[in-house]
Amino acid sequence: MSVRLNGVSVVKILLHASRHSYSIVSGALVGRKGVDNVIVVEDAFPLAHTNVLAPMFEVAMMQIEEYIGKGSQIVGYYCGNELLEDTKPNLITKRIADKIATETPHACLLMIGNRKLGTLSNEVVPFELYSKHGSEWKVSSSSSSSSSSISQQVEITDPTAMDKVAGYISSSTSKGAGNKHQQQQAPSVVDFDTHFDDVSKDWTNSHINKLVDTK
């Protein structure tokens, strides 16, 4: 299995992880199954910055499925753990990924490499890909090689995505001159945790789609 991520999904996932850097974050991956067992991820929907509870998960999945319609499907789950060095899925993460895999047998699980968020570049993909083998989720790739490598199992199709995220993260943590990324304003990221606290908040994060697609 391999995964192909577009720019919108990468920006949403990594900004979600950056915004809640001291918490576990998670979300749904939406797209389709391509040829040669490639999962094409066309969007990401942040779910939570706490451990996901079953009732919230079920409601969120229904809303996402209604929003995307029949043209796409939920093809996976992403998660970033609370601890910097921890890139392994915990029991709750595995159970949620199992639920998605029940509906979508080819579903994938992407774990965020938190350590890599501080040094984002096009040379290193900050994800570890897990796929289901029997009843177990196992690493498919260390995802540590160049994003342009033929053997890379996690491919980012937008060559500007990592620079965009680096710029947004930099602008949210630094003020003043001195960094080429600091002039970019970091967009807010809304997950379902935030949306359920304030339903006026847009869980689709359509502003990020527009921002990434127009740059």
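**Close-up views of a predicted model**

**View 1. The surroundings of aspartate 191.** In this predicted model, aspartate 191 touches His16, His20, Pro46, Leu47, Ala48 and His49, leaving aside residues up to four places away in sequence. To find your way, look in the loop between α4 (161–173) and α5 (192–197), where aspartate 191 is found.

**View 2. Polar partners of aspartate 191.** Which side chain does aspartate 191 join in a polar contact of 2.9 Å? The partner is the side chain of histidine 16. The side chain of aspartate 191 also reaches a backbone atom, the nitrogen of aspartate 193, at 3.2 Å.

**View 3. A buried charge and its nearest counterpart.** Aspartate 191 is buried, yet has no salt bridge. How far away is the nearest side chain of opposite charge? That side chain belongs to arginine 19, and the distance is 7.0 Å.

**View 4. A nonpolar patch on the surface.** Here we turn to Val59, Met62 and Phe196, which together form a nonpolar surface patch with about 260 Å² of accessible area. Methionine 62 has its place in helix α2 (residues 54–68). Is methionine 62 buried or exposed? Methionine 62 counts as exposed, because its relative accessibility is 53% and the cut-off for exposed is over 50%.

**View 5. The chain behind the close-ups.** Stepping back, the protein chain has six helices and eight strands, in the order β-α-β-β-α-β-α-β-β-β-β-α-α-α along the sequence. Of its 215 residues, 50% are buried. The accessible surface of the protein chain is about 10,500 Å², with 51% belonging to carbon and sulfur atoms.

Conventions
Residues are numbered from 1 along each chain as its sequence is written. This is a predicted model: local features need pLDDT of at least 70, side-chain atom pairs count only at pLDDT 80 or more; totals for chains, interfaces and linings use all residues. Side-chain values use heavy atoms; hydrogens and water are left out. Patches are made of residues with over 30% relative accessible area and no salt bridge: like charges are joined within 9 Å, nonpolar side chains (Val, Leu, Ile, Met, Phe, Trp, Tyr) within 5 Å. Accessible areas come from the Shrake-Rupley method with a 1.4 Å probe; for residues, only the protein chains shown count as cover. A salt bridge is a side-chain nitrogen of Lys or Arg within 4 Å of a carboxyl oxygen of Asp or Glu. Helices (H or I, at least four residues) and strands (E, at least two) are DSSP runs, numbered from the N terminus. Buried means under 20% relative accessible area, exposed over 50%, partly exposed in between (1.4 Å probe, protein chains only). Lys and Arg count as positive and Asp and Glu as negative; His and the chain ends are not counted. A polar contact is a pair of N or O atoms within 3.5 Å; within protein, one must be able to donate a hydrogen and the other to accept it, and residues adjacent in sequence count only if both atoms are side-chain atoms. Contact means heavy atoms within 4.5 Å.
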